Amino acid sequence: MKDFNAFFQGYDVELNDKEIAELTARLLEEKSQVNTPPEIYKQCFNSIDLTSLNTADNVTNIRNMVEKVNAFSIIFPDIPSVAAICVYPNFAGVVHDTLTVPVLVAAVSAGFPSSQTFVEVKVAETSLAVHEGASEIDVVISVGAFLNKQYEDVFDELVEIKAACRHAHLKVILETGTLKQAAEIKKASLLAMEAGADFIKTSTGKTNPASTPEAAYVMCTAIKEFYQKTGRKVGFKPAGGIVTPADAIVYYTIVKEILGNEWLNNQLFRLGASRLANNLLTAIYDKEVTYF
Ligand SMILES: O=C[C@H](O)COP(=O)(O)O
């Protein structure tokens, strides 16, 4: 049995929300550039997990989205494409079978977005998504159990899901808007990484507030401390409500300043977004672009 209180005490988890808000605001004030060069927008574009997670999604609209990704490099030869396409698990096979370019297939899984289902269902859903071709799996922690301090249950479940991922990478969503406090976000980050998360992700995009700069600040600090202690680099994926180029730059700046340039690539930094891609293309070309 893992002693989570001892585990958390190995890190700085005594966080004050007001102080975190001030530190985040100061970082952004001091480090934000006045004019963002197009190269940085391109780098952000290359970190996008192009997301479609709608009730009305179907084979036709998902295939259309993938075809646009397939044609992207012909139409925009000077822009590196998105990192991954993120869909519900029942569409992992459609994305996999339609893709003709080196873009990853990501599937949400494990009772996304509430995570309120049986662990057996979570494991089975994950195995099926991987079998269908997903190479990345995005799951939400059991938020209710976590807030109820059932740390061992949350941890064990993630370990089981990670095993079901086999070769696929696991992204663990904390749903930071529901965790609310910085200390809880820090503990959830550490627990997820200890359970084997390859990325930690802020939000599902299905609750409010979604991703915030303050949550990003805390999660990046957790990733940094975890790396210092274990030598393992875990990626960061802010997601939910990231719409404008300015939103993307906020997260880019936080990652750059806390984790450094070695995290600024799509192996370790992703932007989960359903509405950002066209806006970044518009910023890069400095004229309205509607492609996706
Ligand atoms: O994982 C990604 C999120 O679900 C996307 O949220 P969004 O639709 O607010 O961009």
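Predicted model: local features only at pLDDT ≥ 70, side-chain atom pairs only at ≥ 80, totals over all residues.

Reader: How do you know that the chain agrees with a compact globule?

Author: With 292 residues, a compact globule would have a radius of gyration near 19 Å, and the chain has 18 Å, so the two agree. The C-alpha trace spans about 55 × 45 × 35 Å along its principal axes.

Reader: What makes you say strand E4 is largely enclosed?

Author: A residue is buried if 20 or more other C-beta atoms lie within 10 Å of its own. Five of the five residues of E4 (residues 136–140) are buried, so the rest of the structure largely encloses this strand. Glu136, Asp138 and Val140 point one way, Ile137 and Val139 the other way, and all are buried.

Reader: Why are E3 and E4 called paired strands?

Author: Two bridges are enough to call it pairing. E3 (residues 104–109) and E4 have four, in the parallel sense, with Ala106 opposite Glu136. E4 also pairs with E5 (residues 169–173) in the parallel sense, over five bridges; there, Lys171 is the bridge partner of Asp138.

Reader: What lies between E3 and E4 in the β-α-β unit?

Author: Helix H6 (residues 119–132), and the unit is right-handed.

Reader: Which residues have the most contacts inside the largest nonpolar core?

Author: That core has 92 residues, and Ala192 and Ile200 are among those with the most contacts inside it. Helix H11 (residues 213–230) gives the most to this core, nine residues. Leaving aside neighbours within four places in sequence, the contacts of Ala192 include Ile141, Val172 and Ile200.

Definitions and conventions:
Residues numbered from 1 in each chain as written. Core = buried A, V, L, I, M, F, W, Y, C linked by C-beta atoms within 7 Å. Buried ≥ 20, exposed ≤ 12 C-beta atoms within 10 Å, placed from the backbone. Helix = DSSP H or I, 4+ residues; strand = E, 2+ residues; numbered from the N terminus. Contact = placed C-beta atoms within 7 Å. Rg over C-alpha atoms; globule rule 2.2 N^0.38 Å. Right-handed = clockwise from strand over helix to strand, strands pointing away.
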